Amino acid sequence: MLGATLAVLHQTNETFTAGGRQLFFTEIGRWRTSLRFPREGITPRLKLWAKKLNQPVIRNAEVDDYQTIIRAVDEWWGGRRVTLMLPKLFFVHFRPTSFVAEGNGLIVAFVIGLVSETFCDQGYIHFIGVHPDFRKHGLGHQLYERVFDGMLGLGCRIVRCVTSPVNKGSIAFHLNMGFKPEDSGKLVEGIPVFEDYDGPGEDRVLFSKALKSGEETKIAFPVKRGKAGIHQ
Ligand SMILES: CC(C)(COP(=O)(O)OP(=O)(O)OC[C@H]1O[C@@H](n2cnc3c(N)ncnc32)[C@H](O)[C@@H]1OP(=O)(O)O)[C@@H](O)C(=O)NCCC(=O)NCCS
């Protein structure tokens with residue numbers, strides 16, 4: 001039976017040991033009656049198929065996801081207290097541009113995006129988090145692609161986001177995703193940093209990306225410059 005095959009795969013391939021375990025057995029249950037153990041054993045094709053089953057599914061974020069996510073974020077951010085930056089309103093009012101990745105009822109990643117009320121052709125990504133066990137497998141990338149599609153459908157041409165200069169993982173991720181940092185006139189470790197952007201001592205890196213290929217990526221942040229040259 002396929003169930004036996006997948007159980008063997010589970011024991012022999014460590015890809016399947018983290019996080020995806022429950023999904024496995026759910027899927028085994030679903031398919032058991034229609035599929036048989038192949039004579040040649042565990043083929044590469046079967047492995048690929050099993051891996052596909054193990055992929056989390058991406059769907060729009062719902063209000064009911066909030067309690068689960070808010071309890072996880074500090075841990076996902078390596079112990080940083082980020083809960084205050086994620087009130088429930090983001091799950092209530094921005095569903096079309098917010099998504100979660102879910103495997104067998106477990107949320108393993110989420111992203112909160114919104115369309116600017118001030119600049120209707122601009123989207124903004126407020127938060128993205130991927131469970132530590134699911135990182136570096138393209139999940140953040142897939143979530144961003146879904147947000148970009150949602151924003152394009154709502155008339156956006158540009159997407160922006162802001163991150164902390166200490167968050168090196170986030171900076172690397174955004175550069176890999178094709179975001180460009182806005183020029184601030186102050187480079188810290190090669191990255192332009194806006195000093196005190198979110199208040200005293202709260203420096204930030206401002207990223208932007210054109211949503212349609214071929215468009216100019218470097219678009220000035222649509223804000224006035226203050227006396228100190230800090231974007232408002
Ligand atoms: C940042 C984060 C969302 C990335 O998610 P992810 O699922 O691991 O990202 P992906 O696997 O889709 O990576 C996409 C690209 O970014 C690169 N990347 C992702 N994280 C990276 C890191 N920490 N260092 C270097 N590169 C990284 C990947 O190698 C990949 O590049 P490639 O396409 O050339 O292979 C995840 O690490 C996370 O949740 N971090 C904690 C929360 C956080 O800081 N969020 C961002 C601020 S709101």
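## Around the ligand

Three elements, β4 (122-130), α6 (139-153) and α7 (168-176), each put at least two residues into the shell around the ligand, and α7 gives the most, with five. Helices (H or I, at least four residues) and strands (E, at least two) are DSSP runs, numbered from the N terminus. This is a predicted model, where local features need pLDDT of at least 70, side-chain atom pairs count only at pLDDT 80 or more, and totals for chains, interfaces and linings use all residues. Residues are numbered from 1 along each chain as its sequence is written.

Among the 20 residues around the ligand, Arg-135, Gly-140, His-141, Gly-169 and Ala-172 come nearest (near means a C-beta atom, placed from the backbone, within 6 Å). The shell splits into eight nonpolar, 10 polar and two charged residues; Ala, Val, Leu, Ile, Met, Phe, Trp, Tyr, Cys and Pro count as nonpolar, Asp, Glu, Lys and Arg as charged, and the others, Gly among them, as polar.

## The largest nonpolar core

Phe-99 is one of the residues that touch the most other members of this 34-residue core. A nonpolar core is a set of buried Ala, Val, Leu, Ile, Met, Phe, Trp, Tyr and Cys residues joined through C-beta atoms within 7 Å.

## Two positive phi values

Asn-104, in the loop between β2 and β3, has phi near 50°. It counts as partly exposed because it has 17 C-beta neighbours inside 10 Å (buried takes 20 or more, exposed 12 or fewer, partly exposed in between, with C-beta atoms placed from the backbone).

Lys-136 sits between β4 and α6 in a loop, with a positive phi of about 60°.
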